[in-house]
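Biologist: I would like to learn how to read a protein model. Could we go through some features one at a time?

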Amino acid sequence: MPTLYDSFDLSGIHLDNRLVMAPLTRNRATPGNKPNALTVEYYRQRATAGLIITEATQISPMGQGYIDTPGIYSADQIEAWGSVSDAVHAAGGKLFMQLWHVGRISHTSLLPDGASPVSSTDRKPNAMTFAAEGFVEVSAPRALRDDEMPGLIDDYRKAARNAIDAGCDGVEIHSANNYLLEQFLRDSVNDRSGPYGGSIENRTRLVVEIMQTVCREVGANRVGIRLSPMTTFNDTPRDSDPQALYTYLVEQLKPLGIAYVHVVEGETGGAREPEDAARPFDYNALKAAFGGCWMVNNGYSKEMAGSAIAQGSADLIAIGRPFISNPDLVRRFEEGAELNQLQEDKLYGGGAAGYTDYPTL
Ligand code: 8OZ
């Protein structure tokens with residue numbers, strides 16, 4: 001039976017083990033929405049993960065929704081990310097960059113010329129974001145026009161190319177947590193008519209077109225996607241039929257031959273089996289519908305992770321918060337060592353404290 005500590009062939013990319021550092025927003029990308037020397041050190045420290053997925057990184061200035069998150073649309077950003085990937089590779093690790101557009105989870109103060117956020121809809125959620133002045137309500141969005149879609153898809157294409165130029169081993173399209181792509185997927189948000197609204201086929205069209213385009217640009221073996229069928233994070237209700245929606249989506253992704261599907265099980269950072277769900281979600285059925293490499297996330301302990309790998313219910317396990325407080329998490333799991341406590345008040349923004357100062361064994 002496979003274990004967490006066995007190597008893994010991720011569509012031709014060798015991973016030392018099956019523990020993945022999940023994408024984690026840290027709001028320290030200063031100056032200019034760029035990684036800096038501290039970012040390089042942070043990822044270098046965590047390079048014994050089988051794979052690092054970077055923090056969510058905006059594909060364009062319009063894709064930003066929080067203060068001091070990194071981007072991958074300028075030459076300076078590509079160069080700065082190059083230092084991160086060099087350090088991770090020198091330490092024997094691999095990294096995929098998570099490509100992000102927040103859609104309606106943003107504030108005019110964070111967007112070029114005070115623009116309104118864009119989405120599938122012009123309806124505003126009661127969500128909060130973090131801007132220069134602290135926590136603020138998100139601003140009312142503007143529904144994208146259908147004729148803006150080719151430009152948006154091209155922004156994903158360019159960002160993927162930039163990530164590869166910056167030395168990343170691949171990219172993960174962020175289609176989770178109710179940011180832009182999930183705002184198109186769900187009928188609880190998407191109130192459009194036309195080619196990108198209405199039927200499941202139409203609501204999945206944008207994600208599928210982005211995946212096709214990005215796969216053509218950088219090679220399908222370098223492209224993953226993150227989904228979160230049941231989360232209500234960012235004040236967003238579930239789809240009326242999550243099982244049908246996400247099954248259709250992974251069936252469309254299957255023929256592309258992508259590197260993996262990464263699923264947040266349950267409420268992001270919360271209950272794995274939400275009590276308020278009308279029907280439980282069958283993740284095993286979704287895995288079967290896809291048929292390729294399957295990465296899971298959300299509150300996995302070492303024991304849960306080990307048995308998921310042993311039973312074959314997942315190929316890779318993404319771990320979030322414990323990787324923040326334990327740079328050497330793989331070794332600690334393997335040796336049964338104690339884990340450092342997370343400093344929750346130092347998650348977002350700030351400097352080295354709670355970022356690069358967690359001790360290793
Ligand atoms: C926490 C705070 C801000 C952003 C996500 C990128 O949930 C995020 C995020 C998480 O995917």
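## Reading the model

Modeller: Start with a place in the chain: P31 sits in the loop between β3 (19–21) and α1. Keep in mind that this is a predicted model.

Biologist: Which residue does a cis peptide bond join to P31?

Modeller: The general idea is that most peptide bonds are trans, and most residues other than glycine have a negative phi. Here a cis peptide bond links T30 to P31, with omega at about -5°.

Biologist: And what is phi of N33 near?

Modeller: Phi of N33 is near 55°, which is a positive value in a residue other than glycine. N33 lies in the loop between β3 and α1.

Biologist: Is N33 buried or exposed?

Modeller: N33 has a relative accessible area of 17%. Buried means under 20%, so N33 is buried.

Biologist: Where is D235, and what is its phi near?

Modeller: D235 is in the loop between β12 (223–227) and α6. Its phi is near 50°, a positive value in a residue other than glycine. D235 is partly exposed, with a relative accessible area of 40%.

Biologist: Now helices. How is a pair of packed helices described?

Modeller: Two packed helices are described by the angle between their axes and by the distance between the axes. In this model, helix α1 (residues 37–45) packs with helix α2 (residues 75–90) at an angle of about 25°, and their axes are 8 Å apart. That angle makes α1 roughly parallel to α2, because angles under 35 degrees count as roughly parallel. The crossing of α1 and α2 is right-handed.

Biologist: Which residues of α1 and α2 meet?

Modeller: From α1 they are T39, V40, Y43 and R44, and from α2 they are W81, S83, V84, A87 and V88. Sorted by class, this contact of α1 with α2 has six nonpolar, two polar and one charged residues.

Biologist: At what angle do helix α6 and helix α7 cross?

Modeller: Helix α6 (residues 242–253) and helix α7 (residues 283–290) cross at roughly 25°, and their axes come within 8 Å. That makes α6 roughly parallel to α7. The crossing in which α6 passes α7 is right-handed. On the α6 side the contact is made by Q243, Y246, T247, V250, E251 and L253, and on the α7 side by A285, L286, A289 and F290. By class, the contact of α6 with α7 has seven nonpolar, two polar and one charged residues.

Biologist: How far apart are the axes of α5 and α6?

Modeller: The axes of helix α5 (residues 200–218) and α6 are 10 Å apart, and the two helices pack at an angle of about 35°. Their crossing is right-handed. In α5, I200, E201, R203, T204, V207, V208 and M211 take part; they meet A244, L245, Y248, L249, Q252 and L253 in α6. This contact of α5 with α6 divides into nine nonpolar, two polar and two charged residues.

Biologist: Which residues in the largest nonpolar core touch the most other members?

Modeller: The largest nonpolar core has 84 residues, and those that touch the most other members are L99, Y156, I173, L206, V214, I225 and I317. Not counting residues up to four places away in sequence, L99 touches T57, I59, I72, Y156, A159, A160, V171, E172, I173 and H174.

Biologist: How do I compare places in sequence with places in space?

Modeller: Look at two pairs. G134 and Y66 are 68 residues apart in sequence, and their C-alpha atoms are 10.0 Å apart in space. G134 is in strand β9 (residues 134–137) and is buried, with a relative accessible area of 14%. The other pair is P359 and I59: they are 300 residues apart in sequence and 33 Å apart in space, C-alpha to C-alpha.

Biologist: Where is P359, and what is it in contact with?

Modeller: P359 is in the segment after α10 (329–335). It is partly exposed, with a relative accessible area of 45%. Leaving aside neighbours within four places in sequence, P359 is in contact with P327, D328, R332 and N340.

Technical notes. Residues are numbered from 1 along each chain as its sequence is written. This is a predicted model: local features need pLDDT of at least 70, side-chain atom pairs count only at pLDDT 80 or more; totals for chains, interfaces and linings use all residues. Side-chain values use heavy atoms; hydrogens and water are left out. Axes are lines fitted to C-alpha atoms, for helices over the stretch in contact, and angles run from 0 to 180 degrees between N-to-C directions. Helices (H or I, at least four residues) and strands (E, at least two) are DSSP runs, numbered from the N terminus. Angles under 35 degrees count as roughly parallel, over 145 as roughly antiparallel, 65 to 115 as roughly perpendicular and the rest as oblique. A crossing is left-handed if the near helix is turned anticlockwise from the far one by less than a right angle, and right-handed if clockwise. Contact means heavy atoms within 4.5 Å. Ala, Val, Leu, Ile, Met, Phe, Trp, Tyr, Cys and Pro count as nonpolar, Asp, Glu, Lys and Arg as charged, and the others, Gly among them, as polar. A nonpolar core is a set of buried Ala, Val, Leu, Ile, Met, Phe, Trp, Tyr and Cys residues joined through side-chain atoms within 4.5 Å. Buried means under 20% relative accessible area, exposed over 50%, partly exposed in between (1.4 Å probe, protein chains only).
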